[in-house]
Amino acid sequence: ECCVTALGARSMSSHHHYGGSSVEDGGLHHRRTGSKSSSSKLPSRPQLVQRQVSNSKTKDHDGGTSQLSSWLSRQNYKLLYTFPRLKKLKGVHLLIAALTIIFVFYRIAASNASANIASSMHCSSFLRSFDQKSRSNIILMASHLRHGPDGEMRLRIIEHNLQLLAEQVEEEEEPHQKEEAEEQKNNDNELSSSSTKNSSSKAKPPLKAVLLFSIDTQSTQSDVKTMINNWRQDMPNAHLAYNIISQIIFVPNDPTMVDASKWIVAIERLLPEIQSTNARVMLINDSFVLTRNVPELWHDDCGDVCGLVWTASEADESRHIQSYIRTLSSCAAERYRNFYYQKKSDIRNVHELIVEFELNLSWVGGGRGGGVSAIYEYAGAHPDDEAAQKVLIPQGYPAIKLKKFFVTDDPWLSEPETTRSKLPPSFSATIYKRMNHDLNYLSDEDAKKHFAVDGKNEDRIYSSLPLVIKSWLREELIKMGGEETTIAILEAYLAALNRGIVNTSIKKV
């Protein structure tokens, strides 16, 4: 009787009907579809309050919100009226009444807490908010492949980056931390020591990677699949090839939504697993080379969305983190998915995609962990600029963009701007447009103007002269011990680029 009073219903018998179905079936149908039945006189079940309040605030303009508020007020009054009689109840009746009260109050509080967030941005499983630790880590790697040397180079970069991300290296403790830990171990009793040991040796969340490939129009899917299979079989690390790489998915190329269209396919397929394991999800592409493992990105306290570095100061409204590598909490992954489907039809080009999905951070919301964070603070310039790189790399910044690490081996670049010619003698408008795909629409004259004003400061390819790694960057990488791995990858990438430049020059002739 108390439970019925708390729920605000006179009867919960299965023979009462709600919209043509039993109360149980009708309630579930109502929750899934959001439809309302005008024929029923029974109040909605408390578990639907959050959904109804959200729908009323976003869609109903005829007083629906006020009606729901009145219903909540009546339930509050009935619950308060019920409390004095709880002490008279015993056993299962008391347990049921207590659980009912807790559940109803939770749903009311959750509705109020999420009142300023659209229902589509809300994390669907409220139970995840109680689990502060991710129980799995998932990498979603996006790439656009072309059969041949270019595709093979892309796969080598992917393998290098996954190999580093898969390293399970514990962060080294400071000397004073080691001394404190030893002292604690000596002072603790046997039980505490055992507990501390078990806690410190706790395994990290399992890691898996899903590779998402679109295929260049000049290549056939069978050729690309054969290239990928050969690459996977030739990997020296079989664990990486067949255990960590759990799936390879081919998706249509979307020239507007690019990587986002690939990531969303995997998020859609893996969402039940992401939710059930409270997984942290890494969105990553092949536009850069890692210099080290980045365990900081997997930490739950890094926020709902965690990136490498802020692109501007706190006062700058354009401040954001770059999207080529970042991790999302399980709730943020769900919000990203919902936001994608809301905005997809409005995106007309890649620039608008960057504005909505990288510069705009409103879709993140304020879930557990607290918004957006970055490992490195703003370095005084955009992270891709050489001035910022010279500050960040010596601090252990782990990423080198493939478009920013080299320079043309041309004496003209080192000559004083006041005395050198406007264009370098080796400048080729054909090479400049073909090797910089965002400029291929320019005429030869416009290409020359673009280089003279902007291109000379953007490390763009403009001639048939060879490309070399920037000297200061090579020195820093050697100090970091990356000569045999990272530098080798960069050198191989430059060799492929130089071959492409030579081929372009031959075609020109």
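**View 1. Helix H6 is largely enclosed by the rest of the structure, because 12 of its 17 residues are buried.** Buried here means under 20% relative accessible area, with exposed meaning over 50% and partly exposed in between (1.4 Å probe, protein chains only). The model is predicted, so local features need pLDDT of at least 70 and side-chain atom pairs count only at pLDDT 80 or more, whereas totals for chains, interfaces and linings use all residues. Residues are numbered from 1 along each chain as its sequence is written, and side-chain values use heavy atoms, with hydrogens and water left out. Helices (H or I, at least four residues) and strands (E, at least two) are DSSP runs, numbered from the N terminus. H6 covers residues 149-165 and reaches 24 Å from its first C-alpha to its last, close to the 24 Å expected at 1.5 Å a residue, the expected span being 1.5 Å times one less than the number of residues. Among the buried residues of H6 are Arg-154, Glu-159, His-160 and Asn-161.

**View 2. Helix H11 (residues 258-276) has a kink of about 65° at Leu-270, shortly before the proline Pro-272.** The bend at a residue is the angle between axes fitted to the seven residues ending there and the seven starting there. Buried residues of H11, including Trp-263, Ile-267 and Leu-270, pack against strands S3, S4, S5 and S6 as well as helices H12 and H13, where contact means heavy atoms within 4.5 Å. After H11 comes Asn-278, whose phi is positive, near 50°.

**View 3. Lys-208 lies in strand S4 and counts as buried, at 18% relative accessibility.** Apart from neighbours within four places in sequence, the contacts of Lys-208 include Leu-270, Glu-273, Ser-246 and Gln-247.

**View 4. Glu-417 and Lys-456 form a salt bridge, their closest N and O atoms being 3.8 Å apart.** The pair links distant parts of the chain, 39 residues apart, with Glu-417 in the loop between strand S12 and helix H15, and Lys-456 in the loop between helix H16 and strand S13. A salt bridge is a side-chain nitrogen of Lys or Arg within 4 Å of a carboxyl oxygen of Asp or Glu, and the count by this rule comes to 20. Glu-417 is exposed at 54% relative accessibility, while Lys-456 is partly exposed, with a relative accessible area of 26%.

**View 5. Glu-476 forms a salt bridge with Lys-479, with 3.8 Å between the closest N and O atoms.** These residues are separated by about one helical turn, because they are 3 residues apart in helix H17. Glu-476 is buried at 16% relative accessibility, whereas Lys-479 is exposed, with a relative accessible area of 66%.
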